[in-house]
Amino acid sequence: MDRIKWDDYFMAQAHLLSLRSTCQRLSVGATIIKDNRIIAGGYNGSVAGEVHCIDDGCLIENGHCIRTIHAEMNALLQCSKQGVRTENATIYVTHFPCLNCTKSIIQAGIKTIYYAQDYRNHPYAIELLQQSGVKFEKVPFDANHIAQMFLDEA
Ligand SMILES: [Zn+2]
Ligand SMILES: [Zn+2]
């Protein structure tokens, strides 16, 4: 019997969260990990209590949906709201983080970013990550492999 690797497990969690996204422009999920434990998770969505893009359409300004809080920010804010330290934590995200999320991830003291897909990787985001010594690595996610593990169990 194959045990799921931690990387696959946490990346699967990020992808499960992405299925909760309420903005259809991009379904993103993020999971924050400390000592192989999930401490927070987030997906692209509106401010709590606000209408969802999937119900009312996106609120577009300069080509961006301004209604949405990004998955990475939602995960960080969940830690902030609940008083959970993000220092030296690791984040798994479905897509390479945007510039703003990259800055917040660095500033929150997160030391490692694993992302499954490249997405408009911003050169300044990469520069900031290199300068701050935050490790970032692409960990492709193979949903079929995970599904096969369930089928093999059955
Ligand atoms: Zn939207
Ligand atoms: Zn972002």
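Biologist: What makes a residue count as buried, and what share of the chain is buried?

Modeller: A residue is buried if 20 or more other C-beta atoms lie within 10 Å of its own, exposed if 12 or fewer, and partly exposed in between, with C-beta atoms placed from the backbone. Buried residues make up 34% of the 154 residues. This is a predicted model: local features need pLDDT of at least 70, side-chain atom pairs count only at pLDDT 80 or more, and totals for chains, interfaces and linings use all residues. Residues are numbered from 1 along each chain as its sequence is written, and chains are lettered from A and ligands numbered from 1 in the order in which they are written.

Biologist: What makes a nonpolar core, and which residues have the most contacts inside the largest one?

Modeller: A core is a set of buried Ala, Val, Leu, Ile, Met, Phe, Trp, Tyr and Cys residues joined through C-beta atoms within 7 Å. The largest has 29 residues, and A30, I91, Y92 and V93 have the most contacts inside it. Its largest share, 5 residues, comes from α1.

Biologist: Which residues does A30 touch?

Modeller: Contact needs C-beta atoms, placed from the backbone, within 7 Å. Leaving out residues up to four places away in sequence, A30 touches several, including A14, L17, I91, Y92 and V93.

Biologist: How many helices and strands are there, and what makes a run count?

Modeller: Both are DSSP runs, numbered from the N terminus: helices are H or I with at least four residues, strands are E with at least two. The chain has 6 helices and 7 strands.

Biologist: Why are β5 and β6 called paired?

Modeller: Pairing takes at least two DSSP bridges. Strands β5 (residues 90-95) and β6 (residues 112-117) have 5 bridges and run parallel, so they pair. I91 stands opposite I113 in β6. Strands β6 and β7 (residues 135-138) share 4 bridges, again parallel.

Biologist: Why is the unit of β5, α4 and β6 called right-handed?

Modeller: With the strands pointing away from the viewer, the path from the first strand over the helix to the second must run clockwise. β5, helix α4 (residues 99-107) and β6 make a right-handed β-α-β unit. The crossover from β6 through helix α5 (residues 123-132) to β7 is right-handed too.

Key: Contact = placed C-beta atoms within 7 Å.
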